[in-house]
Each structure stands twice: as C-alpha cells, then as structure tokens.
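Visitor: I have a structure to look at and a few quick things to ask. Can you walk me through some of it?
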Amino acid sequence: MKSTPSPLSSFIKILFLIILSWTLLILTPMIQFGAQKPYEEQVSGELVPLPLSGLAVRGSQIYEENGCASCHTQQTRNHPLDSASSYGKRATVTRDLLYQPATVAGFNRWGPDLSNIGERKKSADWHHQHLFSPQSLSPESIMPSYSFLYEKRKIKAQPSSEALKLPASIPLEQDEEVIPTSEAKALVAYLLSLNQSYPLPESPLHEDSEK
Ligand code: HEC
C-alpha cells in the first residue's frame with residue numbers, strides 16, 4: 001500500500017514551486033530589465049528615451065481606456081515588412097519602454113503600428129481630425145470615430161482658436177465648432193510623443209534608414 005505524503009513534505013513541495021515560479025517570472029526579469037537606464041547619445045549627448053510629459057502620461061491612460069491597443073501594436077519588429085512600411089527605423093527593445101506608464105505592445109495589427117507615429121505624423125491637427133473622423137482622411141478605414149472626445153458647440157462671439165480645422169466634407173451645423181476635450185489633447189500629446197528614431201547600442205538603425 002502506498003503511504004500518503006506527510007503534510008510537511010507537501011508544504012515544502014508547494015513552497016518550492018512558489019519560490020521557483022517567483023524566481024523565474026518576477027526576479028529574473030527584474031534583474032534583466034529593472035536596472036536599465038537611459039542611453040547617452042554619442043553625437044547630441046541627449047539621454048534617450050525622453051521621459052513623457054505629464055500630459056502624455058494622461059494620454060497613455062486614454063489610449064488604454066479606449067482600447068486602441070486592440071487594433072494597434074506599439075512594437076516594431078526586426079522584419080523587412082516593418083521597415084518597408086516605415087513603421088520604424090529599427091526594432092523596439094525594452095529600453096524604449098523605460099518611461100512608458102503601461103506597456104501597450106498589442107498583438108493585433110488591424111491598424112498600423114504606432115511605436116513611431118510621432119515621427120510619421122507630426123501634426124496635432126491631423127491627429128485631431130483623424131480621431132474625430134478617421135474616414136475623412138482614410139475613406140476605407142475601419143477605425144471607429146472618437147468624436148466623443150470632442151465637444152460640438154455654438155460659436156460664441158468669435159471662433160475659438162482651439163476649434164478643429166475640419167474639411168467641408170464633415171458637415172457641421174451653422175455657427176457650430178468642434179473643440180477637443182482635455183482627454184483628446186492628452187491623447188494627441190501621447191501620440192506625438194511616440195518616437196523611437198534614436199539609435200540604441202542593442203538596436204541599431206536599419207542600414208537603409210540612415211540614408
Ligand atoms: C477597430 C480597429 C481600430 C481601433 C479600435 C483604433 N484604430 Fe487607429 N487605425 C485603424 C486602422 C485600420 C487605421 C488605418 C486607416 C486610417 O488611417 O484610419 C488606423 C490608423 C490610425 C492612425 C494613423 C496611423 C498611420 O500610420 O497613419 C493613428 C494615429 C491611430 N489609428 C490612432 C488610434 C487611436 C489613438 C485609437 C484609440 C483611441 C485607435 N487608433 C483605435 C484601426 C483602429
């Protein structure tokens with residue numbers, strides 16, 4: 001007859017498994033990545049990546065809350081397709097994420113990779129119009145409108161300097177203007193901050209991107 005294991009030996013086995021998984025899943029990555037520091041660029045002496053502004057940090061929360069990562073990745077691969085689509089000049093590495101409040105690497109590419117969108121699309125006006133009405137800039141787009149991040153209101157004495165410059169194809173009522181909410185402004189600040197075009201020793205720029 002088989003003897004039942006003593007409670008003490010079961011306890012030691014369970015404790016061993018917990019310590020092993022903690023070491024492999026928490027302690028090892030902490031040692032590998034926890035001590036990463038910004039890199040001092042040789043030419044400019046600038047430390048990269050740059051820390052995010054407070055507004056961009058708020059924007060990253062809006063990005064998370066609105067499920068942008070369900071359609072967009074933020075991880076450029078070391079793959080010819082990614083450099084051909086100008087998603088990035090090099091592969092994303094962990095040091096790029098040093099100041100990112102949350103890792104929203106994503107796993108679906110229903111839309112383009114956004115790890116370098118701040119380099120590709122530098123205009124805040126473009127982003128606001130695109131978020132308000134993606135189809136006004138890309139007619140076939142499946143991206144939903146985020147018009148709820150904007151306020152439509154009657155023009156007061158004179159149009160606000162913050163009002164979106166929308167094309168005539170987006171119908172508005174007479175004397176109506178569209179103003180970005182603080183959430184839309186934060187989201188766009190975050191998108192403009194996404195830029196990994198600096199070289200890192202562990203991820204040099206692709207040869208063809210240095211021309
Ligand atoms: C249902 C999928 C989907 C969701 C959700 C989505 N997008 Fe998109 N997005 C797309 C597609 C498809 C495109 C490409 C066509 C276009 O420009 O609209 C795109 C394009 C973009 C672009 C332009 C990329 C480029 O290279 O020109 C930006 C910026 C962007 N999305 C930001 C966002 C943000 C921010 C959110 C969340 C608030 C979001 N998207 C949510 C599908 C999506």
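Guide: Let's start with P139, which lies in the loop between α6 (134-137) and β3. Helices (H or I, at least four residues) and strands (E, at least two) are DSSP runs, numbered from the N terminus.

Visitor: Is P139 buried or exposed?
Guide: P139 counts as exposed because its relative accessibility is 64%. Exposed means over 50% relative accessible area, buried under 20%, and partly exposed in between (1.4 Å probe, protein chains only).

Visitor: Before we go on, what kind of model is this?
Guide: This is a predicted model: local features need pLDDT of at least 70, side-chain atom pairs count only at pLDDT 80 or more, and totals for chains, interfaces and linings use all residues. Residues are numbered from 1 along each chain as its sequence is written, and side-chain values use heavy atoms, with hydrogens and water left out.

Visitor: How many Å apart are P139 and I179 in space?
Guide: They are 23 Å apart, C-alpha to C-alpha, and 40 residues apart in sequence.

Visitor: What is I179 paired with?
Guide: I179, in β4, is the bridge partner of E151. Five bridges join β3 (residues 150-154) to β4, and the two run antiparallel. Two strands pair if DSSP finds at least two bridges between them.

Visitor: Why is β4 largely enclosed by the rest of the structure?
Guide: Five of the five residues of β4 (residues 176-180) are buried, so the strand is largely enclosed.

Visitor: Which way do the residues of β4 point?
Guide: E176, V178 and P180 point one way, and E177 and I179 the other way. In a regular strand the side chains alternate between the two faces of the sheet.

Visitor: What does the side chain of E177 reach?
Guide: The side chain of E177 reaches the backbone nitrogen of S160 at 2.9 Å. E177 counts as buried because its relative accessibility is 5%.

Visitor: New topic. How many residues surround the ligand?
Guide: There are 23, and the closest are C68, C71, H72, S141 and M143. A residue counts if one of its heavy atoms lies within 4 Å.

Visitor: Which element gives the largest share of that shell?
Guide: That is α5, with four residues.

Visitor: Where do polar side-chain atoms of H72 and S141 lie?
Guide: One of H72 lies 2.8 Å from a nitrogen atom of the ligand. One of S141 lies 2.6 Å from an oxygen atom of the ligand.

Conventions:
Polar contact = N/O pair within 3.5 Å; in protein donor to acceptor, adjacent residues only side chain to side chain.
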